[in-house]
Amino acid sequence: MRTALSRYWTVLALLVAWQLYSSLSGLNRIVVPGPVSVFGDVVTNVGVYLPDLAWTLGMAAAGLAVGMALGTALAVAVWSSRVVSGMMTPLALIMRSVPVVAMIPVLARVFGYGWTTVLVITSVVSFFPAFVLVGARLRDAPPATSDLMAVLGASRGTLLRRLLLPHAVPGLLVAFRLTASTAVLGAMLAEYLMGGRGLGTLFAQSVSFYQVDRAWGTALVATVVSVACFVAARAVERWGVARFT
């Protein structure tokens, strides 16, 4: 108990300050509800939150997998060919520079206002870190090992399969840690702007109907889930780095 308090005392202090401000500021609770009422809505209406939470997590997980797989594949393609590198690297930088909020209306017109666009947006959010970090690891292989395999007559395919891809796994795991929580928020943002299902849609509907506790509860659930995804991804990263280095 003491260890938990020493580690998370800032979160507890923030909740206490939030409750005090909500109670003593004189503001209407429709503006700033207290954490007690927000937690109460989450606890008493679990059945309202769970289906949308499951949908958002499913979209985030699928988009994360697609984005990281695509980023890894393009990193390998860029390593394999200077022509592909000259084509794909500027395009990847351009995609990264465009705000996600600006992409959503365009992609929605192309893919429709459904789960496909949510999946595409989440994949775009997850793509760039894997592309950059895996590519950096592919270019940063141990020179002595690369020279030894070249002397032994290893082909580029063998070099990639036996040396470079295992060497790139820690970079892929770092990308996984960086994007695990971002994928949840990306899926939620797409749902918020397009409607349909998920936590983003639940938040938008709650705001529209002045269900303030529900709106803040949705934001709270999204925050907790994003933090949990980050912590889980960090644990996977530590295991993978110890395994592949």
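Does Tyr210 count as buried or exposed, and at what relative accessibility? In this predicted model, Tyr210 counts as exposed because its relative accessibility is 63%, and the residue is found in the loop between helix 9 and helix 10. Tyr210 comes after helix 9 in the chain, and its phi is near 55 degrees, a positive value in a residue other than glycine. Most residues other than glycine have a negative phi.

**Overall architecture**

The protein has ten helices and zero strands, so that its pattern, read along the sequence, is α-α-α-α-α-α-α-α-α-α. Along the principal axes, the C-alpha trace of the protein spans about 75 × 50 × 30 Å. The protein has 245 residues, of which 39% count as buried. When contacts in the protein between residues at least 6 apart in sequence are considered, 72% of them join residues at least 24 apart.

Helix 9 covers residues 199-208, and its buried residues include Leu199, Gly200, Thr201, Leu202, Ala204 and Ser206. Two of these names, Leu199 and Leu202, return in the surroundings of Thr218, a residue of helix 10 (residues 212-244), since Thr218 touches Tyr49, Met188, Leu199, Leu202 and Phe203 when residues up to four places away in sequence are not counted. Thr218 counts as buried because its relative accessibility is 0%. A polar atom of the Thr218 side chain lies 2.7 Å from the backbone oxygen of Arg214.

Arg177 has its place in helix 8 (residues 156-194), and its side chain is joined to that of Glu237 by a polar contact of 2.3 Å. Leaving aside neighbours within four places in sequence, Arg177 is in contact with Phe230, Ala233, Arg234 and Glu237.

Arg29, by comparison, is found in the loop between helix 1 (2-24) and helix 2 (35-44), and Arg29 is partly exposed, with a relative accessible area of 45%. Not counting residues up to four places away in sequence, Arg29 touches Ser37, Val212 and Asp213. With Asp213, the separation along the chain is 184 residues, while the C-alpha atoms of Arg29 and Asp213 are separated by 8.9 Å.

**Packing of helix 3 against helix 4**

Which word describes how helix 3 and helix 4 lie to each other? Helix 3 (residues 46-80) and helix 4 (residues 82-97) pack at an angle of about 130 degrees, and their axes are 5 Å apart; the two helices are therefore oblique to each other. From helix 3, the residues Leu74, Ala77, Val78 and Ser80 take part, and they meet Arg82, Val84, Ser85, Met88 and Thr89 of helix 4. By class, this contact of helix 3 with helix 4 has five nonpolar, three polar and one charged residues.

Two of the pairs are set out below, and both involve Phe131.

| Pair | Ring centres | Ring planes | Arrangement |
|---|---|---|---|
| Phe127 and Phe131 | 5.5 Å apart | at 20 degrees | stacked |
| Phe128 and Phe131 | 6.5 Å apart | at 40 degrees | tilted |

The stacked arrangement of Phe127 and Phe131 follows from the angle of 20 degrees between their planes, because planes under 30 degrees apart count as stacked. The planes of Phe128 and Phe131 are at 40 degrees, so this pair is tilted.

Phe127, Phe128 and Phe131 form one aromatic cluster.

How values were computed. Residues are numbered from 1 along each chain as its sequence is written. This is a predicted model: local features need pLDDT of at least 70, side-chain atom pairs count only at pLDDT 80 or more; totals for chains, interfaces and linings use all residues. Side-chain values use heavy atoms; hydrogens and water are left out. Helices (H or I, at least four residues) and strands (E, at least two) are DSSP runs, numbered from the N terminus. Buried means under 20% relative accessible area, exposed over 50%, partly exposed in between (1.4 Å probe, protein chains only). A polar contact is a pair of N or O atoms within 3.5 Å; within protein, one must be able to donate a hydrogen and the other to accept it, and residues adjacent in sequence count only if both atoms are side-chain atoms. Contact means heavy atoms within 4.5 Å. Axes are lines fitted to C-alpha atoms, for helices over the stretch in contact, and angles run from 0 to 180 degrees between N-to-C directions. Angles under 35 degrees count as roughly parallel, over 145 as roughly antiparallel, 65 to 115 as roughly perpendicular and the rest as oblique. Ala, Val, Leu, Ile, Met, Phe, Trp, Tyr, Cys and Pro count as nonpolar, Asp, Glu, Lys and Arg as charged, and the others, Gly among them, as polar. Rings of Phe, Tyr and Trp (its six-membered ring) pair if their centres lie within 6.5 Å; planes under 30 degrees apart count as stacked, over 60 as edge-to-face and the rest as tilted.
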